[in-house]
Amino acid sequence: MRLKNKTVIITGGASGIGRALAERFAEEGAKVALADLAIEKAETVAKKIGGLAIACDVTKEIDIQKAVQWTEAKFGPLNIFCSNAGVSFGESNLVTSASNAKWQTSWEVHVMAHVYAARAALPGMIERGGGYFLQTVSAAGLLNQIGDAAYSTTKHASLGFAEALSITHGDDGIKVSVLCPQYVATPMLGYGDDVCLNRPAGVISAREVADSVVEGIAEERFLILPHPVVEQYRRNKTKNYERWLGGMRKLRRGIIAKIGSTRLEDMHKVI
Ligand SMILES: NC(=O)c1ccc[n+]([C@@H]2O[C@H](COP(=O)([O-])OP(=O)(O)OC[C@H]3O[C@@H](n4cnc5c(N)ncnc54)[C@H](O)[C@@H]3O)[C@@H](O)[C@H]2O)c1
């Protein structure tokens, strides 16, 4: 799908990857609505790109319904829904260390928000003969994220829902892509909102992610991998699951030996 003149909603569009997607899509000629909890930041981005900022908590189905209604009222029928908002809490010593509230929020933001988006947008898209869903998952949804079981588990579930969406509605003209980057220099990893030039190896910019997405959407490809090496890791995992698990345990031991924890903001610099 080409982005020119398309109506797009991006959740989590106020920051990081969502913001870069908004800016890049606008450059391609899309009409972009940014739906985010952080309304002031969303308004700043919207102003810059001639978009629409919508205050939205993606864990509330009514907020997503309203985001679709308001976007369509301003820009016309919705073509692309990007479920991109995400949260990352980490855990201390045990795989179960994160509180139930953090597990629940991870589930609601990474999975139920995608269900609400599909429920709100699918009927209209099907009636018009097609539409597009971009789900920001993560390489953690294909592999795993050391130090964050709630993140890894719910990102796997997010991938499962995206597959179901494609299988069930591909014949209705519905296209689906899952965006699965490894580390990206955004506030989630402790970086500022501006492009960071001093990044550790393997950490790419949100702009580079957005470039991959524009290419992936143009090709209507399900799997978008801004870090191409992830394809190799994915193959290793399916080829020899036991060996892959052993490799991940070894990686975790190495990180703890080096920096004493698996805190995301530190860990991504030594991998
Ligand atoms: N940064 C990375 O290394 C990385 C890697 C892989 C995947 N991801 C995924 O990319 C997506 C974007 O993350 P980012 O790195 O840009 O992080 P970020 O923290 O910069 O942006 C996340 C945005 O989501 C919004 N948000 C969070 N909860 C929300 C809610 N309930 N309702 C509405 N908006 C909400 C935040 O306000 C923020 O604007 C997430 O899904 C994340 O899991 C990030």
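Which helix contributes the largest share of the shell around the ligand? That place goes to helix H1 (residues 16-27), which supplies three residues; helices here are DSSP runs of H or I with at least four residues, strands are E runs of at least two, and both are numbered from the N terminus. The model is predicted, so local features need pLDDT of at least 70 and side-chain atom pairs count only at pLDDT 80 or more, while totals for chains, interfaces and linings use all residues. Residues are numbered from 1 along each chain as its sequence is written.

Around the ligand there are 28 residues, of which Gly12, Ser15, Gly16, Gly86 and Thr186 come nearest (C-beta atom, placed from the backbone, within 6 Å of the molecule). By class, the shell holds 15 nonpolar, eleven polar and two charged residues (nonpolar being Ala, Val, Leu, Ile, Met, Phe, Trp, Tyr, Cys and Pro; charged being Asp, Glu, Lys and Arg; polar being the others, Gly among them).

Turning to helix packing, the axes of H4 (residues 100-127) and H6 (residues 149-169) come within 8 Å and cross at roughly 15° (axes are lines fitted to C-alpha atoms over the stretch in contact, with angles from 0 to 180 degrees between N-to-C directions). The two helices are therefore roughly parallel to each other, a term for angles under 35 degrees. Their contact (C-beta atoms, placed from the backbone, within 7 Å) includes Trp103, Trp107 and His110 of H4 and Tyr151 and Phe161 of H6. Eleven nonpolar, six polar and two charged residues make up this contact.

Finally, Gly190 sits in the loop between strand S6 (174-179) and helix H7 (206-219).

Key: Parallel < 35°, antiparallel > 145°, perpendicular 65-115°, else oblique. Contact = placed C-beta atoms within 7 Å.
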